[in-house]
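The following paragraphs go through one structure, taking a helix, a core and a ligand site in turn. Please keep the sequence and the model at hand while reading.

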Amino acid sequence: MGFAFHQPDSVANAIALAHRYGEDARFIAGGTDLIIQINRKRLAPQHVISLGSLGLEGIRETADEITIGATTTHNDVVFHPGFQHQLTALAEASAVVGGRQIRHVATVGGNIVNASPAADLVPALLALDATIDLQGPAQTRSLPLDRFLLDRGRTERQIDEVLTAVRFARPPSQSATSFLKAGRRKAMEISVVCVAAHLVRGPDNGFSKVRIAVGAAAPRTFRAVGAEALVAERGDDGTSFVEAGRLAAKAAVPIGDVRASARYRTLLVAALVERALTACRDRMQGAGA
Ligand SMILES: Cc1cc2nc3c(=O)[nH]c(=O)nc-3n(C[C@H](O)[C@H](O)[C@H](O)COP(=O)(O)OP(=O)(O)OC[C@H]3O[C@@H](n4cnc5c(N)ncnc54)[C@H](O)[C@@H]3O)c2cc1C
């Protein structure tokens, strides 16, 4: 592997380099995806542009909104005091990315831009209706994460755009999130299937908002909108969570590979969706919501 390594001192300079070199260049944050792609000869950039030291790290909270800077590491997410209670799913997802060493360098932005269907943090962010902030040579723009993700390894990002942050509205106190991952072992394991759920308590013990996001069961992480609608309509009536699991499994189009058969992945989607919804409900009850 031979490439020129650039260490720009500002986001604008990083973008200018990416604009100049186009497809010959790639940004690098933690490098835990990019370097593997280069080593496996799937990518051969002639220019690698570092996003370190540009001030893109950190988690900022206001009363209404939470913003995670692109180069924030998974370790920072795991230990962020604000990612407890309603936002547990974020810490749960980042906590199972790779192993300890990986989590210390791998970033939130890299997890999103890499657009792996098995990216663990993405379902948790999708369940929170997250928005992506992008900065390019001519403009900055924002778009929902759900629109940003196109397909396996493909996003709406232009080659010279930096993902600067991901943000979402602060969930109400009477809400809960959860994230569950099935793998063949507990660490250093790409998800066989992962699921995130988000419930917001509504009137008459129902739910005013239901989000279910599924990873590693389709070419991209997806929201199981049919299952969401079912739970929003019926609430928790004793069978709705199981039926939501079945609906989500129907929406899945998993591959079969060395980790699991397509059939097993489909069964996992049904089981994990039910469990993730149950965990949200129990967490809300535990919090007195
Ligand atoms: C051993 C191992 C285990 C792993 N286990 C898991 C796991 O369990 N779960 C999981 O989800 N992932 C896992 N991964 C994948 C990886 O660690 C994560 O996806 C990580 O979050 C990637 O972040 P990064 O900063 O290292 O990305 P990089 O490798 O630096 O970048 C990834 C891609 O995104 C682009 N990019 C990065 N940041 C930006 C930005 N801000 N703006 C524009 N483009 C950008 C790069 O150009 C590159 O194309 C594992 C990787 C390894 C090596």
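Helix H10 covers residues 240–251, and its 12 residues should span 16 Å at 1.5 Å a residue, which agrees with its end C-alpha atoms being 16 Å apart. The expected span is 1.5 Å times one less than the number of residues. Helices (H or I, at least four residues) and strands (E, at least two) are DSSP runs numbered from the N terminus. The model is predicted: local features need pLDDT of at least 70 and side-chain atom pairs pLDDT 80 or more, while totals for chains, interfaces and linings use all residues. Residues are numbered from 1 along each chain as its sequence is written.

Buried residues of H10 include Phe241, Ala244, Leu247 and Ala248; buried means that 20 or more other C-beta atoms, placed from the backbone, lie within 10 Å of a residue's own. The buried residues of H10 pack against strand S13 (207–215), helix H9 (225–234) and H11.

The largest nonpolar core has 89 residues, and Val195, Ala196, Ala248, Val269 and Val273 touch the most other members. Such a core is a set of buried Ala, Val, Leu, Ile, Met, Phe, Trp, Tyr and Cys residues joined through C-beta atoms within 7 Å. Helix H11 (residues 262–286) gives the most to this core, with 10 residues. Not counting residues up to four places away in sequence, Val273 touches Val195, Ile212, Ala224, Ala227, Ala244, Gly245 and Ala248; contact means C-beta atoms, placed from the backbone, within 7 Å.

Around the ligand are 30 residues, of which Ala29, Gly30, Gly109, Gly110 and Asn111 come nearest; a residue counts if its C-beta atom, placed from the backbone, lies within 6 Å of the molecule. H6 gives the most to this shell, with five residues.

Definitions and conventions. Buried ≥ 20, exposed ≤ 12 C-beta atoms within 10 Å, placed from the backbone. Contact = placed C-beta atoms within 7 Å.
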